[in-house]
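Trainee: Could you take me through the surroundings of the ligand and how they relate to the domains? I would like one connected picture.

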Amino acid sequence: MKAIQMSDFGGPEVLHIAETDTPTYKSNEVLVKVEACGINRADSLQRMGMYPPPPGASAILGLEVSGTIVAMGAMVDKWKIGDRICVLIDGGAYAEFVQVHEDMIIPLIDDMSFEEGAAIPEVFLTAFQSLYWLAKLKSDETILVHAGASGVGTAAIQLAKLLNAKVVATASSGKHNICIKQGADVVIDYKTTSFKEEITNQGLKIDVILDFIAGGYFSDNLDILSLDGRMVMLAALGGLKAENPNVGQIVWKRLTVMGSTLRSRSSAYKIALTNEFVETIYPAFKNGKLSPVIHQIFDWTQVSKAHRMIDRNENAGKLILKIS
Ligand SMILES: NC(=O)c1ccc[n+]([C@@H]2O[C@H](COP(=O)([O-])OP(=O)(O)OC[C@H]3O[C@@H](n4cnc5c(N)ncnc54)[C@H](OP(=O)(O)O)[C@@H]3O)[C@@H](O)[C@H]2O)c1
């Protein structure tokens with residue numbers, strides 16, 4: 001099969017299409033002919049040599065695909081050849097074929113395109129895990145979603161509104177409309193305003209924070225969380241060192257600070273997460289209450305261009321590769 005390979009670790013220019021072995025599949029796995037895959041920050045970090053795949057995962061980039069089942073192991077009983085699906089994987093998405101465990105699979109909704117399907121697994125499962133499993137966001141609460149126009153951020157805003165929670169988002173100025181379109185009640189331009197000052201001035205009570213920035217945000221995040229507040233940290237786009245945080249607040253405001261990486265979770269955890277997502281949340285894609293947010297679709301020959309775009313923070317929502 002063909003797959004996107006790396007000539008070395010480095011910039012987007014290291015990516016190119018080349019021949020490699022088609023994956024084999026076990027008795028409880030299916031082989032998927034990939035039609036589209038999502039691009040994620042993790043792919044960019046892996047390309048730069050800063051995020052090695054977990055043990056046993058493919059060295060090929062990519063964490064989510066949509067496509068059609070073309071072969072299956074003897075024990076598979078939930079799916080049939082020709083089924084249209086999307087799925088979260090540990091790696092190997094930038095390729096013509098991937099093998100996946102049958103219990104991880106999400107069926108594509110009838111009128112959903114492959115490109116839309118590829119835009120769902122990574123960001124919606126991450127946001128679902130963060131808001132529903134980790135932070136346990138409730139309907140009468142307010143969540144602050146940093147990087148609100150990111151792939152995970154747009155999914156988190158939609159999922160919070162599904163719960164009827166109030167949403168405050170931060171984003172650069174050109175991306176406010178996309179946050180509002182997802183349902184954000186308040187959007188703050190973090191580049192021209194201090195989000196802490198803005199939230200304090202508006203008298204907003206923040207119960208939950210979804211943070212990808214860390215670094216200089218950590219201290220302000222602790223300052224604005226209310227009693228019994230929860231913060232889920234998923235990345236450190238703003239740096240690894242916090243600036244002078246008053247950690248006493250974790251004690252006297254009874255705060256919970258959590259970190260997570262979905263990719264390194266066990267298969268059993270990811271299967272349980274996917275199953276609950278499919279049963280409780282996925283139907284909302286059928287009635288239009290949830291929808292994947294796609295910034296741009298690229299043919300996979302344009303992968304370097306797409307990676308350049310994500311490296312420059314130019315996307316609002318997902319970048320998708322069409323496997324031609
Ligand atoms: N831990 C996990 O399980 C998990 C799972 C999925 C993703 N992630 C991580 O979550 C983050 C978001 O992923 P994604 O794919 O949704 O991202 P994305 O679509 O590429 O969007 C990221 C956005 O974050 C904003 N940003 C970047 N650097 C920033 C900074 N220093 N300060 C403030 N905002 C900044 C930019 O938007 P603006 O123009 O608004 O600045 C950028 O477009 C990534 O770091 C990714 O690695 C973690």
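Mentor: Happy to! Helices α1 (41-47), α3 (121-134) and α4 (151-162) each supply at least two residues of the shell around the ligand; here helices (H or I, at least four residues) are DSSP runs, as are strands (E, at least two), and they are numbered from the N terminus. Of these, α3 provides the largest share, three residues. This is a predicted model, in which local features need pLDDT of at least 70 and side-chain atom pairs count only at pLDDT 80 or more, while totals for chains, interfaces and linings use all residues. Residues are numbered from 1 along each chain as its sequence is written.

In total, 27 residues surround the ligand, and the closest are R41, S150, G151, S172 and A235; a residue belongs here if its C-beta atom, placed from the backbone, lies within 6 Å of the molecule. The shell comprises 14 nonpolar, ten polar and three charged residues, with Ala, Val, Leu, Ile, Met, Phe, Trp, Tyr, Cys and Pro counted as nonpolar, Asp, Glu, Lys and Arg as charged, and the others, Gly among them, as polar.

Both domain 1 (2-120 + 263-322) and domain 2 (124-259) give at least three residues to that shell; the bounds come from an automatic or database domain assignment. Taken over C-alpha atoms, the domain centres are 27 Å apart. Where the domains meet, 14 residues of domain 1 and twelve of domain 2 take part in the contact, meaning C-beta atoms, placed from the backbone, within 7 Å. On the domain 1 side, helix α9 (residues 267-280) gives the most, with three residues. That side divides into nine nonpolar, three polar and two charged residues.

Conventions:
Two residues are in contact if their C-beta atoms, placed from the backbone, lie within 7 Å.
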